[in-house]
Amino acid sequence: MLMQKEREQVVEYGKMMSAARLSTGTSGNISVYNKELGLMAISPSGLDYFSTTPEDVVVTDLNGHIVDGTRKPSSEWGLHTIFYQNKPDAGAVVHTHSMYCTIFACLGQSVKPIHYAIADAGVAEVPCAPYYPFGTPELAKAAIETCGEGKAVILGNHGLVTCGKDLKAAYGLACNMEFVAELQYRAMSIGQPNYLTTEQMDDVMERFKTYGQPNGNKSGY
Ligand SMILES: [Zn+2]
C-alpha cells in the first residue's frame, strides 16, 4: 500500500483526536506529507475515525488529485495542501473544531499569550482568519495568509489549523492551542487576563529552541 506508514499515522492520530474531544463526529481532519514523493495521506471525507482503516486514507498530490485510495479525500484537502505549498518545514497538518479554539473563532478573536505554551505555535499570538465557507479555496487562502510565520491559525466561525514537522508535532500543537484557548476563556470569564509581554514571549521562544532532549523529542514543558 502506497504511504502505508503515513496512512497508519492518520488513523492512529484520528482516533486520538476524537478520544481527546478535539473533534466530534466526522469533523476535523489530518494529513501527513511525504516530501520525497510530493504526496499527502489525508483522512477520508465523512468517515468516523474509529471505523477508518489505513486503506480508507486517501493519497493525493498537492493539487488534490487522488493517487491511491478508493474514498473521497476530506473536503478540506485544499486547506492542507496550501500549508505544504507555503511552509517547507511542514510535514503534517491537523484541523480541528475543538471547543475553546472554536469559541475564539466565533468571536473573531486571536488566542493570546496568556500562557507560555502558546510559543509552541512559533508566535506569541495566534491570529483569527476571516470566515469563508468550509472546503473553499478562499478559506485555504485566508488561513495561510493569516497564519503568517506561525504554525497555527484560528479559522473565523470554524475552528483551528496547525502544522508541524511531523504529525506528533502538529497534533501536540493542536492540544496546546486548545489548552491555551481554554485558559484564556476561563480567565476572561472571571477577570482581566494578565497576558505575557512581547519581551517575556521572546524569552520563552528563545528557551524553546533548546528545550527537551538532545534528539529533539520534547514532551511537555
Ligand atoms: Zn472544519
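Buried here means under 20% relative accessible area, exposed means over 50%, and partly exposed is what falls in between (1.4 Å probe, protein chains only). With that in hand, H97 comes out as partly exposed because its relative accessible area is 33%. Keep in mind that this is a predicted model, where local features need pLDDT of at least 70, side-chain atom pairs count only at pLDDT 80 or more, and totals for chains, interfaces and linings use all residues. Residues are numbered from 1 along each chain as its sequence is written, and side-chain values use heavy atoms, with hydrogens and water left out.

**The zinc site**

- Three histidines hold the zinc ion through their NE2 atoms, namely H95, H97 and H158, at 2.0 to 2.1 Å. Donors are N, O and S atoms within 2.8 Å of the metal (3.2 Å for Na, K and Ca), and since water is not among the atoms, sites may look incomplete.
- Along the sequence, the spacing of these donor residues reads H-x1-H-x60-H.
- Helices (H or I, at least four residues) and strands (E, at least two) are DSSP runs, numbered from the N terminus.
- H158 has a relative accessible area of 10%, so H158 is buried.

**How α1 sits on α5**

- Helix α1 packs on helix α5 (residues 167-190) at an angle of about 15 degrees, and the axes are 11 Å apart. Axes are lines fitted to C-alpha atoms, for helices over the stretch in contact, with angles from 0 to 180 degrees between N-to-C directions.
- That angle makes α1 roughly parallel to α5. The cut-offs are under 35 degrees for roughly parallel, over 145 for roughly antiparallel, 65 to 115 for roughly perpendicular, and oblique for the rest.
- On the α1 side the contact uses Q9, V10, Y13, M16 and M17, and on the α5 side L167, K168 and Y171. Contact means heavy atoms within 4.5 Å.
- The residues of this α1 and α5 contact split into 6 nonpolar, 1 polar and 1 charged. Ala, Val, Leu, Ile, Met, Phe, Trp, Tyr, Cys and Pro count as nonpolar, Asp, Glu, Lys and Arg as charged, and the others, Gly among them, as polar.

**How α3 sits on α5**

- The axes of α3 and α5 come within 7 Å and cross at roughly 60 degrees, and α3 and α5 are therefore oblique to each other.
- M99, Y100, C101, I103 and F104 of α3 meet a set of α5 residues that includes M177, E178, A181 and Y185.
- By class, the α3 and α5 contact has 9 nonpolar, 1 polar and 3 charged residues.

**Three buried residues to look at**

- S98 is in the loop between β5 and α3, and counts as buried at 1% relative accessibility. Setting aside neighbours within four places in sequence, S98 contacts L22 and E178.
- The C-alpha atoms of S98 and C175 are separated by 9.0 Å, with the two residues 77 apart along the chain.
- I118 lies in the loop between α3 and β6 (128-129) and is buried at 1% relative accessibility. Beyond neighbours within four places in sequence, the contacts of I118 include V111, P113, M177 and M201.
- S18 is part of helix α1 (residues 4-19) and counts as buried at 15% relative accessibility. Not counting residues up to four places away in sequence, S18 touches S23, Y49 and F50.
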